[in-house]
Amino acid sequence: MTNSRLYARAGQAYEQAGLPLEAARCYGAAGEHRRAADLLVRMGEYSAAVEEYRRAEQLDVAAWILVHHLADPVAARFVIERHGDQPTTAWRVLHGSALRISLVMARCNLAEGGGPRDALPVLGAASDSLENPDYAYDPFVEQWAVAIAEYAGRFDQVALLFAASVRGHRLGSTQRWQEWSRRVLGMELSIPPPDQRAADSLSLSEREFNDFMENLQLDSFPLDPG
């Protein structure tokens with residue numbers, strides 16, 4: 001048995017024993033850097049996670065953690081921009097989608113003092129992607145877009161993003177929207193289960209969105225679907 005397999009088995013044993021830090025170290029030694037990085041993120045060990053994501057060549061994820069969790073937009077930009085302002089198709093295939101990269105750059109702009117409205121185009125692109133069932137679901141797109149909208153104080157955009165996921169039939173989207181509403185707004189959001197929904201899911205989602213926004217009583221900014 002090779003050392004990498006031994007380390008991987010040790011990592012599994014540590015993880016099952018409730019020792020995630022030791023498990024992450026073993027996964028890293030086994031070359032399973034993405035697995036190690038995911039564990040480190042769950043523990044809040046963001047600096048170590050960045051290094052593991054880099055080793056896994058998940059550079060867009062590493063850049064996101066740098067700007068969003070470690071408040072280091074300069075380092076995040078460096079991870080992306082050292083490959084050029086417009087990464088090649090081959091780079092994107094290996095290291096991250098164009099939409100993910102755009103979300104990282106939008107978050108960097110906000111961290112550096114940019115206005116919330118500057119993020120609206122990429123949030124709109126994220127909504128379009130989430131709504132279209134022909135596109136494979138990328139959980140990072142939803143997570144990062146929601147985080148950007150929340151950081152910018154644009155809860156209307158958060159609602160639009162989750163409504164897009166609901167219309168796109170993204171698994172668990174209703175629950176994620178409800179959990180976000182409870183965590184951030186301290187309010188319950190009632191969304192009928194799928195078997196009670198009208199055939200026209202778009203009109204239903206629009207009604208849910210309008211009810212949600214009315215409950216928010218947002219008057220500090222105009223509703224701009226972006």
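**Terms and values**

Modeller: I begin with helix 9, whose buried residues are Leu-120, Val-122, Leu-123, Gly-124, Ala-126, Ser-127, Ser-129 and Leu-130. Here buried means under 20% relative accessible area, exposed means over 50%, and partly exposed lies in between (1.4 Å probe, protein chains only). The structure is a predicted model, in which local features need pLDDT of at least 70 and side-chain atom pairs count only at pLDDT 80 or more, whereas totals for chains, interfaces and linings use all residues. Residues are numbered from 1 along each chain as its sequence is written, and side-chain values use heavy atoms, with hydrogens and water left out.

Biologist: What do the buried residues of helix 9 pack against?

Modeller: They pack against helix 8 (98-111), helix 10 and helix 11 (155-167). Contact requires heavy atoms within 4.5 Å. Helices are DSSP runs of H or I with at least four residues, strands are runs of E with at least two, and both are numbered from the N terminus.

Biologist: How do you know that the span of helix 9 agrees with its 12 residues?

Modeller: The expected span of a helix is 1.5 Å times one less than its number of residues. Helix 9 covers residues 120-131 and should therefore span 16 Å; its end C-alpha atoms are 16 Å apart, which agrees.

Biologist: Why does Glu-131 count as partly exposed?

Modeller: Glu-131 has 28% relative accessibility and therefore counts as partly exposed.

Biologist: What makes Ala-119 buried?

Modeller: Its relative accessible area is 3%, so Ala-119 is buried. Ala-119 lies in the loop between helix 8 and helix 9. Its C-alpha is 5.7 Å from that of Ala-106, which is 13 residues away in sequence.

Biologist: Why does Asp-138 count as buried?

Modeller: Asp-138 has 16% relative accessibility and so counts as buried. It lies in the loop between helix 9 and helix 10. Apart from neighbours within four places in sequence, Asp-138 is in contact with Ser-97 and Arg-100.

Biologist: What is the volume of the largest pocket?

Modeller: The volume is about 490 Å³. Its lining has 20 residues, of which Trp-64, His-69, Gln-143, Trp-144 and Ala-147 are the closest to its centre. On a 1 Å grid over the protein atoms alone, a pocket is an open set of points where a 1.4 Å probe fits, with protein on both sides within 12 Å along at least five of seven lines; lining residues have an atom within 4 Å of a point. Grid points are joined across faces, edges and corners, and the volume is the space filled by probe spheres set on the points.

Biologist: Which helix gives the most to the lining of the largest pocket?

Modeller: Helix 10 does, with six residues.

Biologist: What is the make-up of the lining of the largest pocket by class?

Modeller: The lining has 12 nonpolar, three polar and five charged residues. Ala, Val, Leu, Ile, Met, Phe, Trp, Tyr, Cys and Pro count as nonpolar, Asp, Glu, Lys and Arg as charged, and the others, Gly among them, as polar.

Biologist: Why does His-169 count as exposed?

Modeller: His-169 has 62% relative accessibility and therefore counts as exposed. It lies in the loop between helix 11 and helix 12, and has a positive phi of about 60 degrees although it is not a glycine.

Biologist: How many helices and strands has the protein chain?

Modeller: It has 13 helices and zero strands. Of its 226 residues, 44% are buried.
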